[in-house]
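Please keep the model in view while reading the points.

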Amino acid sequence: MFTRVDHVGIACHDLEETIRFYRDSFGFEVCHRETNEEQGVHEAMLRVNGTDDGRATYLQLLSPTRPDSPVGRFLAARGEGVHHVAFGCPDVDRAAAELPAAGPRVLFDPPRPASMGSRATFLHPKDCHGVLVELVTS
Ligand code: CO
């Protein structure tokens, strides 16, 4: 069902400062940036390494465009830190459909457009031991 960890989403207050930290400390370079107005988030994708399926693993830095966005509310409640873990899969629709009926709740059905032209859905964190899990097909 899943072929890799696609990315780890990290919520931060200051996107530029956080980009500098990960670049200067670990050498990760920004390979893509975008703003998702619907979700109220600025994103920066930092490539970490290639993976066996010919794709890659990233850090996804997230800062809110407005305080009442999902990431804005996350920061207010919990502060900076890991926001979600995304698994890459060949077919997100199929992966979501193949979850057992008694499995975790799927938040977006059908999946939505996501970073770098991908499509993604999320699984409810209460059903995944406190982790917001993203399923992504790039
Ligand atoms: Co993500």
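**Notes on the fold and its salt bridges**

1. Helix α2 (residues 70–78) lies across β1, β3, β4 and β5 (81–88). Its direction is about 80° to β4. Helices (H or I, at least four residues) and strands (E, at least two) are DSSP runs, numbered from the N terminus. Angles run from 0 to 180 degrees between N-to-C directions, with axes as lines fitted to C-alpha atoms, for helices over the stretch in contact. Contact means heavy atoms within 4.5 Å.

2. A word on the basis. This is a predicted model, with residues numbered from 1 along each chain as its sequence is written. Local features need pLDDT of at least 70, side-chain atom pairs count only at pLDDT 80 or more, totals for chains, interfaces and linings use all residues, and side-chain values use heavy atoms, leaving out hydrogens and water.

3. Helix α1 also lies across strands: β1, β2, β3 and β4. It runs at about 150° to β4.

4. In what order do the strands form the open sheet? The order is β2-β3-β4-β1-β5-β8-β7-β6, 8 strands with mixed pairing. Two strands pair if DSSP finds at least two bridges between them. The edge strands, β2 and β6 (112–113), each pair on one side only.

5. Strands β6 and β7 (residues 119–123) run antiparallel and are joined by 2 bridges. Pro-113 stands opposite Arg-119 in β7.

6. Now the charged pairs. The whole structure holds 9 salt bridges. A salt bridge is a side-chain nitrogen of Lys or Arg within 4 Å of a carboxyl oxygen of Asp or Glu. One of them joins Asp-6 and Arg-4, at 2.6 Å from N to O. Asp-6 is buried at 5% relative accessibility. Arg-4 is buried too, at 10%. Buried means under 20% relative accessible area, exposed over 50%, partly exposed in between (1.4 Å probe, protein chains only).

7. Arg-4 also bridges to Asp-53, at 3.0 Å from N to O. Arg-4 lies in strand β1 (residues 4–11) and Asp-53 in the loop between β3 (41–50) and β4 (56–64), so the pair ties together parts 49 residues apart in sequence. Asp-53 is partly exposed at 32% relative accessibility.

8. Another salt bridge pairs Glu-16 with Arg-33, with the closest N and O atoms 2.4 Å apart. Glu-16 sits in helix α1 (residues 15–26) and Arg-33 in strand β2 (residues 29–36), 17 residues apart. Glu-16 is partly exposed at 38% relative accessibility. Arg-33 is partly exposed at 43%. As for shared partners, salt bridges join Arg-4, Asp-6 and Asp-53 into one network.
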